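Reader: I've got a model open on my screen and would like to talk through a few of its details. Could you take me through them?

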Amino acid sequence: MNLEKKELKERANGHCELCNAAADLSVYEVQPSSGNTPERAIYLCEKCIAQLDKKQELDPAHWQCLSTSMWSEVAPVQVAAWRILNRLKTEAWAADLLEMLYLTEENLEWAKATGDHEDGGVVDLHKDAFGNQLLTGDTVVLTQSLDVKGSTVNARQGTVVKNIRLVPDNTEQVEGKIDGQTIVILSKYLKKQGG
């Protein structure tokens, strides 16, 4: 275990510094960060990290924990709490907590640096035609036959595409192999297998 992780684990008493979970914990750098320093990092569970990083929809029930953790004296915990509360500010309880939360000028500037407070909690995720979240490595089925321009690929309805990759800057597209050729497929023409 590296020194930073050990220090953060001790500071957090082996629990997530936001929700107090005790499993699947790791070091999370609160951006923008100036490198691996405990002053800019917190010890978090996977669920908190996924929602902070906008890789999962916000679960308001999960974030009720902020009514306790927002009072932490640890600056990155305060900053993360402020960001989540801003994304949930349409919830009455979150708006109330946000009103009570005090950050120093320096920490408030740090909290605003990512612009999370301006987008209203919108999370753009890759979703199939039925609203199921798509993840890298998923297996999908084509919901209709597709013409693949400049290729002889046979992309018929019902074709199974394994081990897809998400296109990072476009939530409407995924990459997958059909007949050995990698192509870009619009997610609105896919159904997640098992979804």
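This is a predicted model: local features need pLDDT of at least 70, side-chain atom pairs count only at pLDDT 80 or more; totals for chains, interfaces and linings use all residues.

Reader: Which residues of α4 meet α6?

Author: On the α6 side, the partners are Asn-107, Leu-108, Trp-110, Ala-111 and Lys-112. By class, the contact has 7 nonpolar, 2 polar and 2 charged residues. The α4 residues are Ala-75, Pro-76, Gln-78, Val-79, Trp-82 and Arg-83.

Reader: Which residues are exposed on the other side of α6 from the buried ones?

Author: Start with the buried residues of α6, which are Asn-107, Trp-110 and Ala-111. They sit on the same side of α6 because they cover an arc of only 100 degrees around the axis. What covers them includes α4. On the other side, the exposed residues are Glu-105, Glu-106 and Glu-109.

Reader: Asn-163 isn't a glycine, so what is its phi?

Author: Most residues other than glycine have a negative phi. Asn-163 lies in the loop between β4 (160-161) and β5 (165-166), and counts as exposed with a relative accessible area of 55%. Its phi is positive, at about 55 degrees.

Reader: And what is omega for the cis peptide bond at Pro-32?

Author: Pro-32 is in the loop between β1 (25-29) and β2 (41-45). The cis bond joins Gln-31 to Pro-32, with omega about -15 degrees.

Note on methods. Residues are numbered from 1 along each chain as its sequence is written. Side-chain values use heavy atoms; hydrogens and water are left out. Contact means heavy atoms within 4.5 Å. Helices (H or I, at least four residues) and strands (E, at least two) are DSSP runs, numbered from the N terminus. Ala, Val, Leu, Ile, Met, Phe, Trp, Tyr, Cys and Pro count as nonpolar, Asp, Glu, Lys and Arg as charged, and the others, Gly among them, as polar. Buried means under 20% relative accessible area, exposed over 50%, partly exposed in between (1.4 Å probe, protein chains only). The arc is that of the directions from the helix axis to the C-beta atoms.
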